[in-house]
Amino acid sequence: MQLTQQPQTEARLHFLDYWRVIKSRKAIVFVVFLLVLLVAATVTYFQPKIYVATARIKVEHDRPTVAVFEQSNLPTYDPYFLQTQYEIIQSQKILYPVIEQAKLQRRWAQGSQDLPMEFAFRQLKGRMGVRRFRDTSLIEISVEDEDPNVCAELANLISQVFERERMETKRQLTLKALEKLDEALGKQQAKVQSAQMRAERMRSELGVPIFGAVKLNDQTIVQLEQQLTASKVEQVTRESRLRELQKLSPQQLRNAIATVFSEPNVQTLLQNLTDSELRLEVLKQDFGAEHPQVRSAVAQRDKLNEQLNARLEGIMRGFEIEYKMSQQRTVELQKQLDDLKKVSLAMDSEAFLPYRNAVAEQQAEERLYETMKARIQQTSIDVQQLRSSVELIDRAEPIFAPIRPNMALNITLGAVVGLLLGIGLAFFIEFLDTSVKIMEDVERYLGLPVVGVIPQGTVQLSKEEASPAHLEAYRMLRTNIDFGQPDTDHKSIAVLSAGAGEGKSFTLANIAYVYAQQGNRVLIVDSDLRRPTAHKYFGIGRDIGLSDFLSGSKTVEEVIHPTNVANIWMIPTGGVQSSRMALPLLTSNRMNQLIREVGQRFDVVLYDTPPVLGISDATVVAREVGKAILVVQHRRFPRAMSQRARKMVENAGGKLLGVVVNNVHLGHEDTYYYYHEHYEHYSHLGEPPKPAGTKKAAPVAEEIQIQDKY
């Protein structure tokens, strides 16, 4: 059941797994993001700049060309009408004249030959846009071009051509309608003349009475009745005024006449008489009755009285004449009305019916003729000053801010696409990468525990610049190795790696340092007889060493050399003449003798080996030593190499205690980060002092920090 459930557990991914991939491949994500962003910015920068200018027009229905009869109100908004105008603006009828006036065939030509009209039409139509506003009669015409002035010129020109075309179409239709209406008016005039002749003939035949030049009809009777009523009212008014004025005394008449009859002469006489009487009274107070001035004033007053009385008498005589005239006019109108009513009764009889019909037909034809004539006269004036149904609301003006390319939008899209491509590429590379990435990969694919995690940037611990955090990583490795073999007093361990360059020799040197720092006697045996490098970490030569002992030319004491680090000794490779002699030497009895003898003399013996794959020396050493640890560099080689190395070691009879994951970027890998995260919290007191016998590292031929050649 565990085997069937294991694939489901492996397939389950957490969000942090995706974040780990992005975090570990952030360099790729950043590079792809930056490249796409730069490409987008470069392409946008070198793209031609496109400008746009917009003109807005108002399009209304054309009023009837010749409205002979009354028309109903036209709709103010008609979507079908506006959609039709929308298409007409983009038609050849409008754009061909625009192309000719703007000389676009020459302007857009690539060579010396002008563009064909059809090609220029398609190009102009592709550059223009027409948009209508919902629930309005407004249409927006926009044109795009690399020159903002050309955009405005073409947008305005399209609006003008469309307006002229609408006016010219309306003018042509109006002229044609006028021609047809003139013909109809001539025919209508003939009908009127025919109806008049028929009515006159019927009047003569039937003996229809006529009063002077006025023909008898109902309207004539109504007018006479209105005149008679007005005359009676006037007569009563004049009679009442005259009777009331006749009842007044001369003095009362003088006072009332000013309000009844507003004649300037009467007003002047009244004022002069009043002034004369006042002057007379003043003179009587100063002089006697016979005084010349008094007598002159009396004479003047009497004369004014005579003039006023004569004028009042004339006014009263005029009122009497007016009353009699209105009375006579009322009598005359009443007589005419009575006569007309008698004739009207006769006209309503059956005998005059043909005449009445002829007159009605004549009047209808005359009304129609007059209406048509008036419309023709009005339209003839309007055709000279036609009202345009297209109004330019907003004139197109050059706008010097390009609409394309949109730098901000393109940069944003480039950033988004670059980020997505970078993340996608990171996941693709992660999918192709089968190297060891996290601690679970070691346990899942190799079936071995992780005994140590070595951070990236670690230097040789024997140097002064070594970090306490890196020292603690190797101490944890040492502790895990000790827990892996708790029953032994001395430890002989072979340090292996599947491929070259995984930091095997570097790891061995630092493991030796932490064991020596604990007080253990540590021996390093460089069994990599083909390309040795371990001696470089401790500043000793390799002229006398393991190969000399295995060949029998030297003893154990002669090949063991002290190093510049306290408690650490080393057996270098010695002077191996040929790599073909490495395997026979390592499989000899003297190799087994060496392993037993140094294991008894030292607390910890560490064996440096060549890569497992491709060379059988490492598996031989691992078998002879018995125990080994496998160094795997983080994210370097496919995990299949480590799997193969494990099988080769186990098939040879060696035992792997665990795996050391080397050169781990803790900032990229959260699992390793948490493996070490608490150290800094407890390291504020600093690193414990080194043993008293520790010596300063001697200069070496080359600086080695993380990896050696294998």
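Q: Which helix holds Phe30?
A: Phe30 lies in helix H3, residues 26–46. Helices here are DSSP runs of H or I with at least four residues, strands are E runs of at least two, and both are numbered from the N terminus.

Q: What kind of model is this, and how are its residues numbered?
A: It's a predicted model, in which local features need pLDDT of at least 70 and side-chain atom pairs count only at pLDDT 80 or more, while totals for chains, interfaces and linings use all residues. Residues are numbered from 1 along each chain as its sequence is written, and side-chain values use heavy atoms, with hydrogens and water left out.

Q: Why is Ser159 called buried?
A: Buried means under 20% relative accessible area, exposed means over 50%, and partly exposed is in between (1.4 Å probe, protein chains only). Ser159 has 4% relative accessibility, so it counts as buried.

Q: What is Ser159 in contact with, leaving aside its neighbours within four places in sequence?
A: Ser159, found in helix H8, is in contact with Ala55, Ile57, Ile141 and Leu392. Contact means heavy atoms within 4.5 Å.

Q: How do you know that the buried residues of H4 line one face of the helix?
A: In H4 (residues 79–89), the buried residues are Phe81, Leu82, Gln85 and Ile89. Seen down the axis of H4, they fall within an arc of 95 degrees, so they line one face. That arc is taken from the directions from the helix axis to the C-beta atoms.

Q: What makes Arg601 and Glu557 a salt bridge?
A: A salt bridge needs a side-chain nitrogen of Lys or Arg within 4 Å of a carboxyl oxygen of Asp or Glu. The closest N and O atoms of Arg601 and Glu557 are 2.3 Å apart, and the pair forms a salt bridge. This pair links distant parts of the chain: Arg601 sits in helix H21 and Glu557 in helix H19, 44 residues apart.

Q: Why is Arg601 called partly exposed?
A: Arg601 has 34% relative accessibility, so it counts as partly exposed.
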